[in-house]
Amino acid sequence: MAYFEDSACTAREFYLPYVEKFHRVGKGVSVLEVGCGEGGNLLPFAERGCEVTGVDLSVTRIVQAEAFFEQSGYNARFVHADFLELEKPSSEKRYDVLLIHDVIEHIHRKSDFIRHAHHFLASDGIIFWGFPAWHMPFGGHQQVCKSRWCSHLPFIHLLPSRLYDGLLHLCGESRERREELLDIKRTRVSIERFERLLAVNGCAVLHRCLWLINPHYKRKFRLKPRKLMYPLSRLPYVRNFFSTSCFYITRSGEDRKSI
C-alpha cells in the first residue's frame, strides 16, 4: 500500500500536470497504463473523472491494484496480460492517453512495442513515456539488489556483462536476481536510442523533459526534483549520465515539434 500511495502522490504532482499540458484530463477522457503495477499512477486520473484501465504482466500486481482501488473508492479496470499480445482495439475503443512509465527499458522488442502502443491511441491521443537513461548512476536498477553494498554502488551496470555478473555473485545475489539485472542490461535504452526508435516508427515527439533528480525521489529520498540544465540536456550521450528520468510526450504522426 505504501508504494501505491507514493506512486499516486508522484503522479498527482508531476505526471498528471505534465500530461495535462498536451491533453485535457477529466470526465470522458480514457486513460490506459501499460505496466500499471499496483495502479498508483492511475489514481490521480481517476480522481479527475477519467475512465482508467491498467494492464500488467504480473497477476499479483493486478490483484493488488484491484484491491487498492476498491479501498480508494474509485473505479478502474485492470487486465492481466502481455500487452504485446493484446488485440488492437477498434477506433472507437482507443484511448485518449497512454501512460508507459518505467517499462520501455525492460522491453526486448522495442519497435514492436512502440508501434503496438500507438495502435491503442485515439486520433488526437498522446502517450506519456518515462524511463531512466541507461548510463545514469543507477540506470541498471541495481538498487533492487539485496546486498546493501551493490544496491548503493553507482555505475556498476556499465561494467562488461561477465564482470558485472561476477560482482553480483560475489556480493551474494541470487541467480534469479542476477539474470533479472543482466536482462535489463540487454534491454537498456539511452535517450538517443529511444528517439531513434520513435523516429523510425513514425512517432511525433511533442515534448521532452530530462530530470537531474527524478520526481519519484521526492517521496523516496526526500530530495527536491530538479530538471537537467538546458545546455547539458542538449549534449548527446553526455546527458545520459545525468538523466535519472526522461519524460516524453508523443503522438502518432510524422511531424516533430521542438523538444
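Start by selecting strand β2 (residues 51-56) and strand β3 (residues 77-80): the two run parallel and are joined by four bridges. Strands here are DSSP runs labelled E with at least two residues, helices are H or I runs of at least four, and both are numbered from the N terminus. Two strands count as paired if DSSP finds at least two bridges between them. Click on Gly54 next, and you'll find its bridge partner in β3, Phe78. To get from β2 to β3, follow the chain through helix α3 (residues 59-72); this β-α-β crossover is right-handed. That label means that, with the strands pointing away from you, the path from the first strand over the helix to the second runs clockwise.

A quick word about what's on your screen: this is a predicted model, where local features need pLDDT of at least 70 and side-chain atom pairs count only at pLDDT 80 or more, while totals for chains, interfaces and linings use all residues. Residues are numbered from 1 along each chain as its sequence is written, and side-chain values use heavy atoms, with hydrogens and water left out.

**Next stop: salt bridges**

Side chains of opposite charge can pair when their charged atoms come close. A salt bridge here is a side-chain nitrogen of Lys or Arg within 4 Å of a carboxyl oxygen of Asp or Glu. How many salt bridges does the structure hold? There are twelve, and we'll visit a few.

Select Glu13 and Lys218, whose side chains meet in a salt bridge at 2.6 Å, N to O. Glu13 sits in helix α1 (residues 2-20) and Lys218 in helix α9 (residues 217-220), so this pair ties together parts that are 205 residues apart in sequence. Glu13 is partly exposed at 41% relative accessibility, and Lys218 is partly exposed too, at 36%. (Buried means under 20% relative accessible area, exposed means over 50%, and partly exposed is in between, using a 1.4 Å probe and protein chains only.)

Now jump to Arg178 and Asp165, which form a salt bridge at 2.9 Å, N to O. This pair links distant parts of the chain, with Arg178 in helix α7 (residues 175-186) and Asp165 in helix α6 (residues 161-170), 13 residues apart. Their C-alpha atoms are separated by 6.5 Å. Is Arg178 buried or exposed? It counts as buried, at 13% relative accessibility, whereas Asp165 is partly exposed at 23%.

Arg177 is partly exposed at 22%, and Glu180 is partly exposed at 37%. Then select Arg109, Asp112 and Arg115 together: salt bridges that share partners join them into one network.

**Last stop: a cavity**

On a 1 Å grid over the protein atoms alone, a cavity is a set of points where a 1.4 Å probe fits but cannot get out.

Which residues line the largest cavity? Select Tyr15, Glu33, Asn41, Phe45, Leu99, His101 and Phe128; lining residues have an atom within 4 Å of a point. Colour them by class, and you get four nonpolar, two polar and one charged.

Methods. 1 Å grid on protein atoms, 1.4 Å probe; cavity = no way out; pocket = protein on both sides within 12 Å on 5 of 7 lines; lining within 4 Å. Nonpolar A, V, L, I, M, F, W, Y, C, P; charged D, E, K, R; others polar.
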